Structure formats: structure tokens, C-alpha cells
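Welcome, and please load the model in your viewer. We will take a short walk around the ligand, one selection at a time.

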Amino acid sequence: MASLEKIIGLFWFRQDLRLADNPALSHACKECDLVLPVFIDDPAEQTISQVGSASRVWLHQSLEALQSSLRDKGSELFIAQGASLDVLRSLIDDSGASRVFWNRCYDPQTIARDTQIKQTLSHCQPQTFNGLLLNEPWQNLKADGTPYRVYTPYWRAASAKMDASPDIIKPIKAPKEIPTLSAKQAANLSQCVSLDELDLLPDKQWHVPLMAHWKVGEKPALTRLRQFLKKGASDYGEGRNLPAVAGTSQLSPHLHFGEISPRQVLHILADGQSLNSLPDGELIFAKEIVWREFAYSLLYHFPQMLNEPLDRRFASFPWGKNTENHLRAWQQGQTGVPIVDAGMRQLYATGWMHNRVRMIVGSYLVKNLLIPWQSGEEWFRDKLVDADIASNAMGWQWVAGCGADASPFFRVFNPVLQGEKFDKAGEYVTRWVPELAGVSAKFIHKPWELDGQARAQLDYPEPLVDLKETRVRALDAFSVIKGTK
Ligand SMILES: Cc1cc2nc3c(=O)[nH]c(=O)nc-3n(C[C@H](O)[C@H](O)[C@H](O)COP(=O)(O)OP(=O)(O)OC[C@H]3O[C@@H](n4cnc5c(N)ncnc54)[C@H](O)[C@@H]3O)c2cc1C
């Protein structure tokens, strides 16, 4: 009978699949005697469940890791599937929970759903927290109260705030223990299913080699951060542009799923110093972490950016017609442009692509092939393990020149020059396009210039389009909308 008097709190895991620096979980543990940790696979949910196939595989492994961390704390992850509100109601009824806790998400669909859930479950006093970002999107605004659309002043304001109040980046420790329901109580939870029943893994085994590139979960995320800071952060300024070297942190999927928080990253990076006094490499890295914040700020204030260009002129952009074959060649890494194909194949094989190459393949799709950025966004969403609703939309709008603080449309990346600058010896290209192994550095980024016999020996496609002609075509297309409002 005694357990009936205990306060039971339901803690809802979302984009925060970790125990450390999890404010909602910590509050649940402080305020309740027993905590019911729950993950809901809600088919109508945009942020975590309605994601692409690569992210679903990551999610499976991340939930597995979380289950194991919870068991180490004497707890259990309760998994359910269905409309979040229905599932929560049923779990509350079955468990006798009288409190509900979660960390906030910021996409328009989730905000609307959560608002409704908060109202409907008001008898459980829902409490929500910021576990995803350094600052709430409504906390870092211009002096006139409007949101930033340009990154540099956004960074200046955000970093000044964090430097003035270092507590903003002070993470919370993981709860020592997380007492949960007894086995008898847990048996009453009629909605719960096993992780396998969520069916997150594909029938075909394509994910096995892909996931061999990764170690998923909270502990590997922290290890990856520490290894990166030890080896790579000081060279990050240069290393981050070289796709052949491991010059970036590869923390993006961990950050996306909340296996590590940006607070933890900046806290460990800054190590007691102010952000703005960090040496160059570390400072640039801190700025990248804050780009992620900027993406969420844009998403919150301009939710239409998920589908529509922020620069409204682009709504009437004259995109190419009958481009299906070109889109397919791009997706499959068969465009005949080595660095583009290398990037697309890296994405397919590992679920990740180097940032510089994301910009190159994006520019090629949108400008040389005149295919709407939304098609690229959709492909990335399905194939990236770090597919993130805010960063992906911002990245694609940046590439297409129609976003906030975007690269201007007339800046058409030349993939040959980009390759020659950032992958001089063609190491990255030959890693992902082995058909080109043996081609000299002089021709590795433009094999179409090899003499006839050498070219004929290569089992590699001719370029899909002429880079110079399509650049001019892109600029002509842009001139149609340039002066419009
Ligand atoms: C077309 C396009 C699509 C993109 N889609 C995504 C996406 O779906 N998910 C995603 O996380 N990033 C996306 N990015 C941003 C960036 O490419 C990745 O965050 C980065 O390559 C991840 O590798 P990393 O963790 O090694 O980054 P690092 O260089 O080590 O940076 C550290 C962290 O900072 C953040 N970050 C770095 N650059 C950016 C950026 N430009 N915008 C937002 N956050 C950034 C990421 O969380 C990253 O993990 C996209 C960029 C482009 C151009």
C-alpha cells in the first residue's frame, strides 16, 4: 500500500536521449519518489519519429543505449507507440502518475501538439524545460525585440550573454539513481512494447555497414567530444575544410538526438574561460555549435522555412523541368563530377557528409541542375543520421541563396576548383569513388579532360551537365526573380 502514496512522475524522453544535463529528468527525480521514463514513437511527430530511414536506425541504437544506462541507475525505459496524448493518458492512468515532465522541442508541429497536451494533462501539472539549446529562441533577440536574421550579430549577442553568465553553459549532473515502478506496477502498463516492436530497423541489412562507422549513445558521444578536443580542436579552423581528414567533431548525430547537450560541449570546450577568449580553433568550433542554435531560432520565428524560401522572391524561381533523371544521378553519386559523387556516396555509405561537401553537392543540385532545394532537403532527411529539422532546412536555404544570411544565389560553387582547393591530392574523391583511383591529381577533379584513351579506360560517367553552361543558365534563371519582391 505504501507505494500508492508515493508521487509518481512521468518523464517523457524526446530529443534528449541522455541522463546527464537533462533538466526535465533531474526535476522529475527531485520532485517525485518514482519516475516513469517513457519514449513514445508517435507517427505524427516531426522531430524524432517522422524521420528518415538512417535516423530511425540511429534512434533504435540510441534507445538501446539509453535502456542500458537507465538499468544501471536501477530504472527502465518504457517504450510505447501511438499518438502521444493517447499514450500519455493511458500511461498516467495505468501507473497512477500525478506529474509529467519533458524538455521542449521547437518545430511548429510539435509546439502545437505539446500545447494541446499541456492543456489536456493540466491535472498532472506538466513541467517543461530547455534541454536542447543553450538559449531559448525567444531569449536571444535584437534590441527591438525581433529575431536575428544574420548570424554574426546573433553570435555576438549569444556569446556575450554566455560569457556574462557562465551558468548558462553549466551542465547538470546525471541523477545518482532513478527509482522507478516495481515490476508489478510496470506490468500494468498496457501500452508498452519492446524496442524491436517499434520496427525501426529495415528488413534489408543495409544499415549494418553504415552503422559500423558510429558508436551510438551518451557515453560514446562524450568520448567523441573529448577525443576531438584533445586532437582536433586547435586545428579546426583549417581541418574543418578538408573532407579527407577527420578535422571535425562528427558530433552532429549525437547532438541531434540529444545524446550530448550543447551546454556540455561548450562547458568542456571553454574549461572555465570565456568563449570569446578561446584560441582560434576552439572559438570557431564554439561558433559552429551556436550556428545550430541560430537554426533553431530561425525555425522558431520563421516556421515556414521548413517548406518555403525565406526570401519570398524564390517562390517563383524558374526551376528546371523534367529533372527526375538528373536528381536520381545526383542521389546515386553518378553525376560525373568527382567531388559531388564522392559526397553523395559518403552520405549513402555512412549517413554523414562533410560540411564543405554538403555545400558543394547542394550548390550543384540547386544551381547546376536547377532542382529545387526541397528535393535535396528531402534526400538528406532520409539519408543523414544527423538529419535535423532546423539545421537541414537552414543548410539547404543557405545553399540555395534563399535563406537568412544565406550564400548569395550568384555564388555558384565550382566543384572542380573546390575539389582542387580542399582535396588537392584527390584523397577524399578516391576514397568514395574508387573508379578514379590511379587518376593523377591534375585530373582527379576533372577526369573529362583526360586524353581519349585514358578517359575510355575509366568506368566512370561523363559529366551530366556542362558546369560552365549551367552556371550561366542558373544566373539567367536568377535574373528572372532578382528584381522582384
Ligand atoms: C545543405 C546542408 C544540410 C545540412 N543538414 C544538416 C542536418 O540535417 N543536421 C545537422 O546537424 N547539420 C546539418 N548541416 C550543417 C553541417 O553540415 C553539419 O552540422 C556538420 O557537417 C556536422 O558535422 P560535425 O558534427 O563534424 O560538425 P563540426 O564542424 O564538428 O561542428 C560541431 C557541431 O556544430 C553544429 N554545426 C556545425 N556547422 C553547422 C551548420 N552549418 N549549421 C548548423 N549547425 C552546425 C553541428 O551540431 C555540429 O555537430 C547541413 C549543412 C548543409 C550545407
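Before selecting anything, one cut-off: a polar contact here is a pair of N or O atoms within 3.5 Å. Keep in mind, too, that this is a predicted model.

Start with Arg358. An N or O atom in the Arg358 side chain lies 3.4 Å from an oxygen atom of the ligand. Next, pick Trp352, where a side-chain N or O atom is 3.3 Å from a ligand oxygen. Then move to Gln250 and show its backbone: a polar backbone atom there is 2.6 Å from an oxygen atom of the ligand.

On its own, the ligand exposes 810 Å², and the protein buries 95% of that. The ligand sits in the largest pocket.

Select the whole shell next. The ligand has 27 residues around it, and Tyr236, Thr248, Ser249, Gln250 and Asn355 come nearest. Coloured by class, the shell shows 14 nonpolar, 8 polar and 5 charged residues.

Last stop: colour by domain. Domain 2 (133–171 + 206–301) and domain 3 (312–482) each supply at least three residues to the shell around the ligand.

Technical notes: Residues are numbered from 1 along each chain as its sequence is written. This is a predicted model: local features need pLDDT of at least 70, side-chain atom pairs count only at pLDDT 80 or more; totals for chains, interfaces and linings use all residues. Side-chain values use heavy atoms; hydrogens and water are left out. A residue is near a molecule or strand if one of its heavy atoms lies within 4 Å of it. A polar contact is a pair of N or O atoms within 3.5 Å; within protein, one must be able to donate a hydrogen and the other to accept it, and residues adjacent in sequence count only if both atoms are side-chain atoms. Accessible areas come from the Shrake-Rupley method with a 1.4 Å probe; for residues, only the protein chains shown count as cover. On a 1 Å grid over the protein atoms alone, a cavity is a set of points where a 1.4 Å probe fits but cannot get out, and a pocket is an open set with protein on both sides within 12 Å along at least five of seven lines; lining residues have an atom within 4 Å of a point. A molecule sits in a cavity or pocket if more than half of its atoms lie within 2 Å of its grid points. Ala, Val, Leu, Ile, Met, Phe, Trp, Tyr, Cys and Pro count as nonpolar, Asp, Glu, Lys and Arg as charged, and the others, Gly among them, as polar. Domain bounds come from an automatic or database domain assignment.
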